[in-house]
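The entries follow the order in which I looked things up.

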Amino acid sequence: MTSADILSLLPLLVVATTGVVVMLAAAFYRNHRLSLILTLAGLLTAFISLPFVSPLTPRQVTSLVLVDGYALFYMGLIFAAGFIVALLTYGYLEQWDGNPEELYVLLLLATLGAAVLVGSSHFASFFLGLETLSVALYAMIAYNRSLRRGIEAGIKYLVLAGVTAAFLLFGMALVYAETGTLAFSGVIAVAGGGPSLQLMVGLGMLIVGVGFKLGVVPFHMWTPDVYQGAPAPVTGLLASMSKGAMFALLLRYFTPVMALERQGLVWVFTAVAVLSMLGGNILALTQDNVKRILAYSSIAHLGYLLVAFLASGPAGQLAVAFYLVAYFATTLSAFGVVTVLSTPDDEAESLRAYQGLYYRRPWLAIIFTIALLSLAGIPPTAGLVGKIFIAAAGVQASLWLLLIVLVLASVIGVFYYMRIVITMFRRPEADVVQPSMVRLPRAASVVLGALSVILVGLGIYPVPVMRIIERTVARLV
Amino acid sequence: MAEVPTQYGIILAAILFSLGVAGILLRRNIFFVLLFVEVMLNAAGLAFVVAGARWGQADGQVMFIFVLATAAAEVAIGLGLLLRLHHQFKTLNVDEASDLRG
Amino acid sequence: MIVVFYIASGVAILSTFLVILQSNAVHALLYAILSLLSVAIVFFSLGAPLVAALEVIVYAGAIMVLFVFVVMVLNLGPGAEGQERVWLQPRTWTGPVILTLVLIGELIYIFLARPGLALRGPAIGPQEVSLALYGPYLLGVELASILLLAGLVGAYHLGREPSD
């Protein structure tokens, strides 16, 4: 490895170093604020280093990691998500008497895992990045050890992720047995000559593994439980970073494969997309628990993203990238609101807790409303622009069935998003127990406000982000 | 060493993998579920070694070593969670230890 | 050597199968360890002595021992046995067993449908693996160490007694 190789890995190195530094700092001097500042500084540095690394790209560092514009763009998104979650976590854990410092270490390691995942070009880095992200998440989900539902959510997620990892590994092994190489490019070279049954089974198992991680139907079983039981900021991380990183990898690995294999894989993904879009939205209609509603909603959104994935080509790439930006901002904003209203031992989950929120905390209600509007795809938010991009890509690729389902599902979605909004604006009934007024941390307020501004801003004027996407993500088939 | 057909190796891995899946579906005790996750990971690792031997490359064994590291990390946290679960719920049964609506 | 492979495979399959049926946690662990040891022999017959050794040392020797510790701490021996027997009613296991048999049948069909490929070349020993680890897979080694760090911090945090 040359020095240029190491330099191009700079963002990853920074995050890894920060993780170790935060751990050592906590070992010598336990201080919540110090951990937060170190974490934020590290993530900020990593983010800033991205444009500096850019001139060195595209660069294949050993056969494991490919640092190119695509990877750098998604790394930026991941670092931003980590930054936001760290800030939200600070306020959340402030009054708690457990040890908060470890969460920041785990957060940084999870961020690293996700960043490796989007830059990987080889099964080894795919697997290791994924597992680093997962292992960190197990501990983060169950972080409040004395909370029964946290432990339960942690165990469920661990079993699920463990089985997923095994499926992924077996699939990788089958593909390896067939192609003789673990690099992503290998499968394309061989599959060109007509795919064998063994290769197909291997790819199938890979899809199963990826499907579990994305939480799409029919692999969505425990997702709502895990979302409900995990601490709100961690759920935000799960919904955004974990799914987003995996989706970026899906796009990178499977797009060339799909181009070669055509029908079989296309049908599988189409079915998954349709089921997720409809299933996610329909199941959310019956829920009373805000976290579970958001969980089902994220299942549906991954379905929308799959439509863009199936569209492929530059239009599809643009749609995915833009929609992910919007999705990250929206998800973090929504879970941010939930976080701010919660404490580790008492989460603001049930819909009733949000009744009349507008009259107690007008700005929070407005922020949440904007996030929900974006999720529903109502102007003038980024969510709508994202959906338009997806629709445009879909039209270009003539994916008529998917487009019909997309529109249908979005309409269904409006119902339960609006239900939350209406609940917030309705005057509270006399017998509804009002949750105590939690002191609103300044940092969290600023972050949430900024996210709302971004959501509306992107909805009105998406051009700058589009330019960035075109410059970095433009590649692949 | 005499030649061992690759396909038989893969079949062995597949059988062990399936047994792991069956075990998870059959047992309701988290302890056994974790054990079978390990069985599945081991089977997948076996598949890698077989594949690596087929191509005469060290890569299969390298992946196995990484799988080993992953299994170790996962077991550490898994068993830690198991102990916490037992402490909180007083049972290791998946169906009983369920506050969250399934 | 191929006979070794067949015998070891048979033992591995049989003992893994028996793990499913055991109601006593300690017995299940013993069969699991037996399965891992036979897989180690399979590795050896495939010409992978390093991972054969690692399988015994790490998988059977460390990971399974963690399970044994848990059995000790939670006293999962005789008491749990009665409970487990109740859960292992025929109507509980018939469905999954049938499914598994179908799965296995399918997979065997798939893989036998290909022309059997034999091993290539000599055994791949520790030296070759090490060169791979410190050459092309260097990043993987570093990542694996970070993965273990995450496991360490997580397990540490979860293992502490809650203050309340």
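Which residues lie nearest the centre of the largest pocket? I worked on a predicted model, and there I found A:Phe47, A:Phe73, A:Gly76, A:Leu77 and A:Ala80 nearest the centre, within a lining of 32 residues. I noted a volume of about 960 Å³ for this pocket.

I then looked up which helices supply the lining. Helices H3 (32-53), H4 (69-93), H14 (313-340), H19 (442-460) and H20 (463-472) of chain A each supply at least two residues. H4(A) gives the most, with 10 residues.

Next I turned to two further helices of chain A. I recorded 19 residues for H5(A), residues 101-119. Its C-alpha span, first to last, is 28 Å, close to the expected 27 Å. Because 19 of its 19 residues are buried, H5(A) is largely enclosed by the rest of the structure.

For H7(A), residues 148-179, I recorded 32 residues and a reach of 46 Å, close to the 46 Å expected. This helix is mostly covered, with 30 of its 32 residues buried. After H7(A) comes A:Gly180, and I noted its positive phi, near 80°.

Last, I examined the surface. I found a nonpolar patch of about 580 Å², made by B:Leu83 together with C:Val65, C:Leu66, C:Val68, C:Phe69, C:Met72 and C:Val73. Helix H3 of chain C, residues 49-74, gives the most to this patch, with six residues. I checked C:Val68, which lies in that helix.

Methods
Residues are numbered from 1 along each chain as its sequence is written. Chains are lettered from A and ligands numbered from 1 in the order in which they are written. This is a predicted model: local features need pLDDT of at least 70, side-chain atom pairs count only at pLDDT 80 or more; totals for chains, interfaces and linings use all residues. Side-chain values use heavy atoms; hydrogens and water are left out. Helices (H or I, at least four residues) and strands (E, at least two) are DSSP runs, numbered from the N terminus. The expected span of a helix is 1.5 Å times one less than its number of residues. Buried means under 20% relative accessible area, exposed over 50%, partly exposed in between (1.4 Å probe, protein chains only). Patches are made of residues with over 30% relative accessible area and no salt bridge: like charges are joined within 9 Å, nonpolar side chains (Val, Leu, Ile, Met, Phe, Trp, Tyr) within 5 Å. Accessible areas come from the Shrake-Rupley method with a 1.4 Å probe; for residues, only the protein chains shown count as cover. A salt bridge is a side-chain nitrogen of Lys or Arg within 4 Å of a carboxyl oxygen of Asp or Glu. On a 1 Å grid over the protein atoms alone, a cavity is a set of points where a 1.4 Å probe fits but cannot get out, and a pocket is an open set with protein on both sides within 12 Å along at least five of seven lines; lining residues have an atom within 4 Å of a point. Grid points are joined across faces, edges and corners, and a volume is the space filled by probe spheres set on the points.
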